[in-house]
Amino acid sequence: MSAIRTVFVKEVLENLRDRRVIFSALVFGVLLAPVIFALTTTLASKRMVRDLDQPLALPVVGVMNAPNLVRFLKENGVDVIAARYTESEAMEAVRSGQRDFVLIVPQTYGQKLQGGGSAPLDFIVDTANSRTATAASRAQRLLHAYGQQLATLRLLVRGVSPEVLQPVDVRTLDIATPAGRSLLILGMMTYFCFMSMLMGGFYLAIDTTAGERERGSLEPLLSLPVPREALILGKILATAAYMSVSLLLTLIAFSIVLLFVPLESLGMSANFGPRIVLSIFAVMVTFVPVGAGLMTVVASFTRSSREAQTWLSFVMMIPMAPILVAVINNTRPSAALMAIPALSQHLLATGLMRGDPIAPLHVAMSFAATLLLGGVLIWIATRLYRRDAILG
Amino acid sequence: MIVVEDLKKRFGAVQALHGISFTAADGRITGLLGHNGAGKSTTLRILSTVIKTDAGRALVDGNDCAIQSLDVRRSLGVLPHASGLYPHFTGRENIEYYARLHGLDRRQVAEATEDLIARLALGEVADRRAKGYSQGERLKVSLARALIHRPRTVILDEPTNGLDVNAVRMLRELIRELRTSGCCVLFSSHVMQEVAALCDDIVIIAHGRVVVSGTPEQILSATGTMDLEEAFVRAADGSIA
């Protein structure tokens with residue numbers, strides 16, 4: 001027992017002096033991840049705000065052909081720009097990005113309208129351009145509304161109820177909570193948390209096996225009157241400690257960054273008070289033994305630190321795969337999914353951030369499955385440490 | 001006291017040891033001599049219990065290396081061929097770490113460390129980080145680390161490799177001191193002069209077998225030469241059986 005503590009204290013102290021370890025444990029999680037997160041969300045929200053607040057600029061060819069339409073548009077806050085294009089010129093202007101979209105009012109417009117027919121309007125837009133999509137759909141909605149207004153007038157003139165035109169009245173009830181809409185962004189956050197957790201123990205896991213062997217300090221260490229299990233357990237505990245601290249600091253950094261990110265303007269909100277941060281930490285920290293065990297096992301097979309680094313960079317992606325699938329598919333939590341480590345922490349953590357009720361069964365499943373796998377991996381690591389081949 | 005009986009060890013396709021037997025007595029310096037790859041390090045690694053023998057047995061102070069490995073390691077001080085230090089720790093911290101792992105209490109750790117720092121004349125070097133150590137400084141700290149628990153039996157694997165003259169002298173003096181205090185010292189080398197200058201008993205091994213062993217005089221008469229160097233070359237090349 002005291003040997004485990006001696007090894008643990010030594011590894012923690014020695015690695016505190018290793019700039020490389022501190023850099024990977026702190027810089028990615030505590031600085032880089034929150035900054036990347038803040039930048040992307042701020043940019044996204046800025047664009048959304050700009051699209052909604054800016055007056056819609058609509059280039060119109062043939063303004064004099066439709067004075068009423070133009071007046072309607074202006075009343076609805078559209079900045080109508082009189083433009084002179086032929087149809088092909090207009091298409092070229094949109095294609096080249098010079099204009100976001102162009103409305104063409106043909107000369108036949110007034111004539112058709114007066115005759116009670118369907119008056120043509122050409123709206124030229126590039127639907128593949130996501131930057132202009134919001135503004136374009138706003139313009140289209142206005143044009144549609146103008147058409148509806150005319151139709152209603154025509155029916156009233158003929159003594160017909162305008163409801164004839166609306167045989168079904170679709171009402172959309174949006175039940176998305178603001179926090180629910182931010183799922184993708186919150187998914188990104190749990191991903192960052194896992195990454196920084198693993199990064200925190202990355203170099204320690206390598207150091208305990210490949211690094212110690214490469215330095216030639218493993219053989220004298222193994223000839224001490226200490227069971228090898230005690231040595232490897234002390235080392236894994238130190239790795240786990242760095243991972244846990246890295247995770248906690250990352251969560252704290254996120255909770256601070258979120259104070260400055262205008263999530264509300266994106267129509268989102270995230271619960272990230274101290275209580276939630278601690279709950280998320282409690283949920284995610286159960287993954288630490290899995291990560292520490294897995295990285296140590298893989299590093300035990302490698303012959304040098306460099307080889308261990310290469311392998312571990314791949315291994316770090318494995319726990320991330322289920323999270324990516326879950327984010328893309330918008331997977332809902334279920335008891336069966338809670339048996340999958342990494343995925344279960346992701347689902348529970350996002351649930352906590354969304355403010356969903358958390359089922360105790362789910363928590364129990366997640367804890368049991370994850371800790372079991374962690375135990376198995378650590379056991380494998382101790383078995384590997386007992387082989388002759390550990391000396392390389 | 002070290003007793004080695006018919007050790008065999010195979011690594012994959014290579015049979016490293018074909019049955020090694022010898023003894024190394026207390027209060028004497030025993031040299032394990034052989035070319036690179038003869039099986040010196042493998043034998044010493046089995047004795048320090050880091051690897052297990054396939055057959056035969058090795059006893060250190062009466063404890064079997066395969067069965068009572070913790071007892072063996074308790075009475076053994078080992079300086080392996082590769083004896084790296086922790087670069088971010090000072091020499092003193094490196095030594096203290098081993099002292100704690102030997103189960104010494106806080107006071108004993110401090111005393112034993114201070115004692116060895118003085119004995120090896122490490123001085124202020126002990127409080128510098130190991131990262132910038134010279135070969136000689138590194139050896140001194142490794143030695144202090146290996147001797148921190150006052151072992152009865154000391155194993156040194158090619159300790160003089162890459163050392164300058166001063167460091168080699170220091171090492172020889174230390175080994176003689178250990179003999180005077182009644183320790184059993186076993187050290188390996190591939191340099192005959194090295195062994196001749198120091199050893200009471202010599203074990204020459206080649207291709208995983210003991211070719212000849214005994215005092216220098218016995219070896220000279222067994223090989224029929226007047227010169228130890230010549231005796232080694234003949235023995236190691238297998239021209240005598």
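**Cores, a helix and a contact**

Analyst: Start with one residue of this predicted model. Ala144(B) touches Ile95(B), Leu116(B), Ile117(B), Leu120(B) and Leu122(B), leaving aside residues up to four places away in sequence.

User: Which residues touch the most other members of the largest nonpolar core?

Analyst: This core holds 147 residues. Its largest share, 15 residues, comes from helix 8 (residues 183-215) of chain A. Another core, of 17 residues, lies apart from it, with Val61(A), Val70(A), Val102(A) and Val105(A) among its members. In the largest core, the residues that touch the most other members are Met197(A), Ala144(B), Val185(B) and Ile204(B).

User: Is helix 5 of chain B largely enclosed by the rest of the structure, or exposed?

Analyst: The buried residues of helix 5 of chain B include Arg138(B), Lys140(B) and Ala144(B). Their cover includes helix 9 (218-222) of chain A, and from chain B strand 6 (76-79), helix 3 (91-101), helix 4 (106-119) and helix 6 (165-180). Ten of the 13 residues are buried, so helix 5 of chain B is largely enclosed.

User: What span should helix 5 (residues 135-147) of chain B have?

Analyst: Helix 5 of chain B has 13 residues, taken at 1.5 Å a residue. The expected span is 1.5 Å times one less than the number of residues.

User: Which element gives the most to the side of chain B that touches chain A?

Analyst: The contact takes 25 residues from chain B and 18 residues from chain A. On the chain B side, helix 2 (69-75), strand 6, helix 3 and helix 5 give two or more residues. By class, that side has 14 nonpolar, six polar and five charged residues. The element that gives the most, with four residues, is helix 3 of chain B.

User: Is Leu43(A) buried or exposed?

Analyst: Leu43(A) sits in helix 2 (residues 19-53) of chain A. Leu43(A) has 10 other C-beta atoms within 10 Å, so Leu43(A) is exposed.

User: How far apart in space are Leu43(A) and Pro120(A)?

Analyst: The two are 77 residues apart in sequence. The domain assignment of chain A gives domain 1 (2-46 + 179-391) and domain 2 (55-165). The C-alpha centres of these domains lie 55 Å apart. For Leu43(A) and Pro120(A), the distance from C-alpha to C-alpha is 38 Å.

Methods:
Residues are numbered from 1 along each chain as its sequence is written. Chains are lettered from A and ligands numbered from 1 in the order in which they are written. This is a predicted model: local features need pLDDT of at least 70, side-chain atom pairs count only at pLDDT 80 or more; totals for chains, interfaces and linings use all residues. A nonpolar core is a set of buried Ala, Val, Leu, Ile, Met, Phe, Trp, Tyr and Cys residues joined through C-beta atoms within 7 Å. A residue is buried if 20 or more other C-beta atoms lie within 10 Å of its own, exposed if 12 or fewer, and partly exposed in between; C-beta atoms are placed from the backbone. Two residues are in contact if their C-beta atoms, placed from the backbone, lie within 7 Å. Domain bounds come from an automatic or database domain assignment. Ala, Val, Leu, Ile, Met, Phe, Trp, Tyr, Cys and Pro count as nonpolar, Asp, Glu, Lys and Arg as charged, and the others, Gly among them, as polar.
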